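Subject: Structure handover

Hello,

Here is the structure I promised to pass on. My notes on what I found follow below it.

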Amino acid sequence: MYLPAVSTPPEAALPATVPDPSDAYGRRRGHGELVLVVDDEAAVRSITRQSLESFGYRVLTAADGTEAVAVYGERGDDIEVVLLDMVMPIMGGASAPRALRRMSPDVRIVAVSGGELRRSEAGDRPPEAVAGVLAKPYTAHDLLDTLAHVLGRDVTS
């Protein structure tokens with residue numbers, strides 16, 4: 001077996017730093033913003049939490065609208081965005097957004113729905129009243145784009 005001679009040491013052939021694949025997300029990355037993830041499916045809460053935390057967000061979770069209202073009551077001043085599943089068995093759909101808006105009219109809610117978001121799922125106000133809409137199933141890229149948009153970051157580049 002013949003091997004070619006190498007004049008440079010192997011360490012010099014490697015780049016000084018390995019590019020972080022998350023850098024491709026640029027302005028989509030979080031900067032420590034606190035997001036409340038509300039979904040009745042534990043797997044969805046867990047995956048969403050892991051995705052957001054790996055991209056620089058802090059996350060609180062709630063399993064239904066009632067729990068979300070309690071968490072928001074405790075931490076509402078710190079929560080930047082509520083990611084809210086619109087179809088939950090306990091206080092979902094119209095009830096949870098309405099309760100959150102009574103607590104804070106300026107609350108930013110991203111409505112998450114497995115189907116087309118109907119007016120009734122967004123409460124008394126039309127879907128435009130929510131800060132964003134995210135359709136299930138969603139990718140990490142979709143999630144990060146939506147949050148960046150809601151937080152006022154330009155994600156066109």
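At 40% relative accessibility, Glu53 counts as partly exposed. Buried here means under 20% relative accessible area, exposed over 50%, and partly exposed in between, with a 1.4 Å probe and protein chains only. Before the rest, some ground rules. This is a predicted model: local features need pLDDT of at least 70, side-chain atom pairs count only at pLDDT 80 or more, and totals for chains, interfaces and linings use all residues. Residues are numbered from 1 along each chain as its sequence is written, and side-chain values use heavy atoms, with hydrogens and water left out.

**Salt bridges**

Back to Glu53. Its salt bridge partner is Arg49, with the closest N and O atoms 3.1 Å apart. A salt bridge is a side-chain nitrogen of Lys or Arg within 4 Å of a carboxyl oxygen of Asp or Glu. Arg49 is also partly exposed, with a relative accessible area of 29%. Helices (H or I, at least four residues) and strands (E, at least two) are DSSP runs, numbered from the N terminus. An α-helix has 3.6 residues a turn, so residues three or four places apart point the same way.

The structure holds 8 salt bridges. Another of them joins Asp78 and Arg75, at 3.3 Å from N to O. Asp78 is partly exposed at 41% relative accessibility, and Arg75 is partly exposed at 29%.

Glu80 and Arg108 also pair, at 2.8 Å from N to O. Glu80 is in strand β3 and Arg108 in the loop between α4 and β4, so this bridge ties together parts 28 residues apart in sequence. Both ends are partly exposed: Glu80 at 31%, Arg108 at 28%. Finally, salt bridges with shared partners link Asp39, Glu41, Asp85 and Lys136 into one network.

**Cores**

The largest nonpolar core has 21 residues. Such a core is a set of buried Ala, Val, Leu, Ile, Met, Phe, Trp, Tyr and Cys residues joined through side-chain atoms within 4.5 Å. Leu36, Val38, Ile79, Val82, Leu84, Leu100 and Ile109 have the most contacts inside this core. β1 (34-38), β2 (58-62), α3, β3, α4 and β4 each supply at least two of its residues. The top contributor is α3, with 4 residues. Apart from this core lies another, of 16 residues, with Val37, Leu52, Leu83 and Leu151 among them.

**Helix α4**

Which residues of helix α4 (residues 95-103) are buried? They are Ala96, Pro97, Ala99, Leu100 and Arg101. Their cover includes α3 (65-75), β3 (79-85) and β4 (109-113). Leaving aside neighbours within four places in sequence, Leu100 is in contact (heavy atoms within 4.5 Å) with Ala68, Val69, Tyr72, Val82, Val107 and Ile109.

**Helices α2 and α5**

The axes of α2 (residues 42-54) and α5 (residues 140-150) come within 11 Å and cross at roughly 65°. Axes are lines fitted to C-alpha atoms, for helices over the stretch in contact, and angles run from 0 to 180 degrees between N-to-C directions. The crossing is right-handed, meaning that the near helix is turned clockwise from the far one by less than a right angle. On the α2 side, Thr48, Ser51 and Leu52 meet Ala140, Leu143, Leu144 and Leu147 of α5.

Best wishes
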